[in-house]
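Hi,

Here is the structure I said I'd pass on. Have a look, and my notes follow below.

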Amino acid sequence: MTAVLQLESITKSYGGVRALDDLSISVAPGEVLGVIGPNGAGKSTLIGVIGGALTPNAGSVTYDGRDVSRLSSADRARSGIGRTYQIPRPFTRMTVGDNVRLAATNSGHHISQRDLEPFVADILDRLGLGPFAHEAAGKLPLLRRKRLELARALALKPRLLLLDEIGAGLVRSETEELISIIQSLRTEVESMVLIEHVMDVISSCCDRTAVLDFGKLVTVDETAKVLADPVVASLYLGSAAGSAEHAPVDEGKQATIRESLKSLVSVAESRSESALLSVDDIWVRYGGLNALKGVSLHVMPGECVALLGANGAGKTTLARSLAGAVPLTSGEVSFAGQSISGLRPDEVTALGIAQCMEGRKIFGTLSIEENLIAGGLGASKKIKAERLEAVYSIFPILKQRRKNSGTALSGGQQQMLAIGRALMSAPSLVVFDEISLGLSPIAVDDVYQALGAIRDSGVAMIVVEQSVDRALAIADRAMVLSQGEVTLEGKPAELLADKRLLTSYLG
């Protein structure tokens, strides 16, 4: 049978990074294809290329036997490719019904005015949105927004439906409802592509599943075989599931870094028996979503705690709540015996908590040196100069290019810059959020050698990471989050021996 969708040798690059690398894959008529992979694997780029939001640098996208590589996303939607977004994007001031009407009247199928209302009403009723047809879309809680996102896609009468992380942020009962909805669509939509981290959705809905890593297709096979594949497990758990050894530690380099760190971190002369950071029963809510549900943790002076879990588990929300960037719904956070709940991010930083944020967040209009100085604005000119030299001794490449734009660096070098900027405030606790995301294995080796030296210097660390083996290799303790709750906690060796660790990633 002719494939509904055929991707041939797709390559998509951002600067020097290949988000998709010579990727070829097809979707057959009647098939539901799942797409999984760790953070930074290229999944979002893939769905953007299929839907037309992104144009590949090379390769072709063929839909229904026609090359659509250069068609706009609107033209692809009219031709029968519907999609949802991970973060629902309704027109918030329009009613639920009007959102669906707008999609229906802009599809490639002519619908008469007489047939429009029954058509819209049928879609709303099927997705449980009928009672909310006249309500503003912006007032809907998360699950209903996701249903509306799906309703708008179905209003296009698609032959191919792309579902992007539609299970993200849902509680278990809501996920079960979603699975039932997707399964019911098989009689209406010819083929579907599900990009998803919630493995219950993948295992319940997908005929085959493709696995991506660093933009390459690792495997595609029947879903049950893929989820049981040790190679797939290793993508999530790293050497914990049998991957290759990492680069050996360079002891000379480590010694140089530790010496430089003496002026960059604040460490108590003796370890206290009291926790440096205490998080007690915190809840964080975004609209209708409980992103964190009663999370508690503590970090002792000089301790390294790894925070693990699949994408959407709540790790970054926890990191941002510690920084004061996300308000708590309830609960308490204290640092060095002082409550920091409700403090601004700059006030939290001044107390000694530094953040190395997911995505690096480099200031593109500033030079490398200006980016570093921005991390230590509260220090005197003399101290800033001393700290700059210390950062440069840890990462010499930054000194060589200090006058260049921060975004002109490679991904690994930008991560070095982000680490150096966090150290410029001389913290006693650093939160590293997804520090390996999007980096090559060699770059990850370099970055984690620096983290090992920071740990050995005595500064406390929270390492938020999806790459389990990397985090556990330097951690004293580890915690696993799943759907906003702590599900596992213990020493690295204990977690590695617990089968529930893999279950938290692959279901």
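Strands here are DSSP runs of E with at least two residues, helices are runs of H or I with at least four, and both are numbered from the N terminus. Two strands pair if DSSP finds at least two bridges between them.

A quick word on provenance: this is a predicted model, where local features need pLDDT of at least 70, side-chain atom pairs count only at pLDDT 80 or more, and totals for chains, interfaces and linings use all residues. Residues are numbered from 1 along each chain as its sequence is written, and side-chain values use heavy atoms, with hydrogens and water left out.

Back to the sheet: it is open, with six strands in the order β6-β7-β8-β3-β9-β10 and mixed pairing. β6 (81-83) and β10 (216-222) are at the edges with a single partner strand each, so one side of each has no neighbour in the sheet.

On to helix α16 (residues 411-423): 13 of its 13 residues are buried (under 20% relative accessible area, 1.4 Å probe, protein chains only).

Last, the cysteines. There are zero disulfides, a disulfide being a pair of cysteine sulfur atoms within 2.5 Å. For C205, the nearest cysteine sulfur is that of C206, 6.1 Å away, and C205 is buried at 5% relative accessibility. The sulfur of C304 is 13 Å from the closest one, in C356, too far for a bond; C304 is buried too, at 1%.

Cheers

Note on methods:
Buried means under 20% relative accessible area, exposed over 50%, partly exposed in between (1.4 Å probe, protein chains only).
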